[in-house]
Each structure stands twice: as C-alpha cells, then as structure tokens.
Amino acid sequence: MRGIPGVTRIPRPLLGALVGVTALLTAGALATPAGAAPKPGGSTGISSVSAGAQQQARDFWTSERMREATPLDLVSVNGHYDGGSAPLKGTATTVAPTSPAAKVGKAVSDIGLLAFPNSGGQWTGGGSVVSTAGRVFFSYQGRTASCSGNAVTSANKSTVITAGHCVKLEGAWHTNWVFVPGYHDGQAPYGRWTASKTLSTPQWTASEDINYDVGAAVVAPLDGKLLTDVVGGQGLAFNTGYNLRMYAFGFPAAAPYDGEKFIYCSGTTDRDFLLSNDHGMNCNMTGGSSGGPWFTQFDEAKGTGLLSSVNSFKYNFLPNRMYGPYFGADAQNLYQSAQAS
C-alpha cells in the first residue's frame with residue numbers, strides 16, 4: 001500500500017484530513033502473454049536506467065543495507081484522489097503462469113494446505129510463489145527503502161509487477177532499484193536483479209491517483225540469464241470483476257513485522273465503498289508489503305495463481321483491512337508496455 005497492503009503507505013490522507021489513508025507499498029489461462037489491451041487512459045510513464053546506474057544499484061544493496069532498509073509504508077505523505085476516476089474496463093483476459101528452466105522451491109508433496117481465510121500469517125507452504133515473489137529495494141529521498149513485488153509471465157522474461165508508489169512517489173522516480181526474489185535473512189538466493197526500466201500507469205505517473213497504484217519494472221539479465229528462466233513467472237488476470245477469492249503476499253517490515261518473513265493473507269474480497277474502486281481484504285500486513293501480489297485462482301499446493309492486484313493502501317481507521325487496485329485496461333496496458341520493453 002502506499003504503505004501498501006503488502007504495504008502500508010503511510011499516512012496518506014485522501015481528501016486532506018477528512019479521511020486518512022495509509023499506503024502500504026505495501027480467467028481462462030493462456031499459454032502466451034495477453035493480447036493487446038483495450039484503449040488506455042494515456043501513455044505509460046517510463047524511466048530508463050543506464051548500465052552504469054544498474055551496476056551501481058547491484059553493488060549498493062549489500063546484505064546489511066537490505067536488512068536496514070526502511071519500509072516505504074512508514075513514510076508520511078499527502079495522497080491524491082481523483083474523484084470518480086473508475087478504472088477503464090475491457091475484455092476479461094488471463095495469462096498463464098510459467099515454470100523456471102530448472103526446478104526451484106519445495107516439492108509439492110512437502111506442502112500442507114493452509115487455512116482460508118487468513119488475515120495474516122507466515123507462508124509455511126512452498127511452490128512457485130516462494131521464488132517468484134520477493135522484496136524490492138530502492139533509494140527514496142536520500143534513504144534506503146523497501147517494498148514487495150513479483151515476477152510474471154512476459155514476452156521479455158524480465159517483468160516484475162509491484163505498486164506504483166514502489167517505483168515513483170511525490171513526483172520522483174526511485175533510484176538504485178533492485179528486485180530480490182526469494183529474499184530471506186538478508187540473503188538473495190536468486191540474485192539481485194536491477195531495473196533497466198521502471199514504469200507506472202499514466203494516472204499514477206501524473207497525479208498519484210490511488211485507483212491506479214500499479215507499477216512495473218523490467219530487470220536486466222543477471223549472469224547471462226533472464227529472470228523468469230531462473231525463478232518462473234506467475235500468471236495475470238485483467239478485467240475479471242470483483243468479489244473474488246484472493247491470496248495476498250508480501251514482506252511487511254513495519255512493526256510487528258521485520259521484513260524477514262514471507263507473509264500472506266487470504267479471503268473473499270469486496271469492492272471499496274468509500275473513496276476508491278479498489279478490492280478490499282482483511283489483512284494485517286504493514287509497510288514494506290506494498291506492491292506484493294494478490295492472486296485469483298491460487299493453487300496452494302503449486303504456489304501458482306493469476307496476479308489480479310497488488311498491496312496498495314489502508315484507511316487509517318481500518319488498520320486491519322488492505323486495499324489493492326482493480327486490474328483494468330490501464331493496468332493491462334502497463335503490463336503490455338513492460339513486457340514489450
């Protein structure tokens with residue numbers, strides 16, 4: 001959230017002091033990436049990263065710096081709400097998960113199914129999600145910060161989906177941006193993947209409209225390999241409606257969490273009836289979880305699903321409920337722009 005639900009994007013009031021919002025930033029499957037998106041609301045915002053800056057980011061993020069990074073959700077910011085800006089809808093479209101080139105994670109036989117619903121607890125299962133999901137690290141206003149993110153099926157095999165405020169906030173693109181899939185205990189078991197480009201929806205880029213708090217990154221090859229060949233990629237779903245069974249994941253780093261545990265929530269979502277058009281779910285994740293994936297059609301045993309939202313924000317008066325943006329035409333256009341980069 002901004003902190004984001006997978007991230008509490010800290011206090012970001014919508015409509016001034018009237019209502020407080022904490023940002024946490026926090027379909028039939030296809031064998032290939034989704035086709036062309038419906039007409040978007042504008043051009044996707046893109047920030048390119050030089051090769052030198054990529055190397056600097058990779059060198060910058062030591063184990064110590066990753067452990068000490070401040071969760072973005074703890075940052076106090078003023079939010080913006082563009083009243084009535086409901087996400088543009090289009091045809092329901094899904095993209096299937098993809099497997100890595102070599103097997104990673106626990107064997108399916110080692111995984112026990114977990115309770116549903118769950119408002120927040122450590123993911124003790126395994127499957128693909130433990131390698132596709134990870135922590136996002138970057139520099140923001142002169143300090144180190146963290147969010148969450150997830151690798152997805154993509155034509156370039158290099159696309160990560162996160163929250164918009166995890167790539168750009170208060171008018172500035174984050175720097176030293178890296179994705180660390182499978183993060184644990186200050187370790188990067190699958191490497192530190194540096195962004196060659198970061199992207200967000202036109203509405204988030206222009207005015208930080210909470211309905212469009214979706215971001216993406218295209219990461220550079222690492223040791224001659226592409227991201228999803230190493231860790232796999234989750235599927236995606238666009239324009240598939242509300243009131244769905246979903247699972248949310250992230251690495252919350254604000255109290256009572258410390259960023260070292262992979263946390264999940266699950267439940268049947270509903271549509272926010274207050275100030276956004278987002279999905280809502282009971283979830284106690286805190287700052288640092290922003291940008292973590294929300295899945296529909298999630299298979300606990302395999303750890304695969306269709307990414308349908310991300311941890312985005314919480315209302316200050318509803319601290320145990322997370323919200324994530326609806327993946328409509330503009331989120332789909334963002335994904336298309338990222339995978340084509």
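Is the link of Cys147 and Cys166 left-handed or right-handed? With -85° about the S-S bond, that link is left-handed.

Before going on: this is a predicted model, where local features need pLDDT of at least 70, side-chain atom pairs count only at pLDDT 80 or more, and totals for chains, interfaces and linings use all residues. Residues are numbered from 1 along each chain as its sequence is written, and side-chain values use heavy atoms, with hydrogens and water left out.

Searching the whole structure turns up two disulfides (pairs of cysteine sulfur atoms within 2.5 Å).

| Pair | S–S distance | Angle about the S-S bond |
|---|---|---|
| Cys147 and Cys166 | 2.2 Å | -85° |
| Cys265 and Cys283 | 2.1 Å | 70° |

The Cys265 and Cys283 link is right-handed. That pair ties together distant parts of the chain, 18 residues apart: Cys265 sits in strand 16 (residues 263–268), Cys283 in the loop between strand 18 and strand 19 (293–299). Strands here are DSSP runs of E, at least two residues long, numbered from the N terminus. Cys265 and Cys283 are both buried, meaning under 20% relative accessible area with a 1.4 Å probe, protein chains only. Cys147 and Cys166 are buried too. In sequence order, the bonded cysteines pair 1-2, 3-4.

Now strand 18 (residues 279–282): it runs antiparallel to strand 17 (residues 270–271), joined by two bridges, with Asp270 opposite Gly280. Pairing takes at least two DSSP bridges. Strand 18 also pairs with strand 22 (residues 321–324), antiparallel over four bridges, and there His279 stands opposite Gly324.

How values were computed. Buried < 20%, exposed > 50% of the residue type's maximum accessible area, 1.4 Å probe, protein only.
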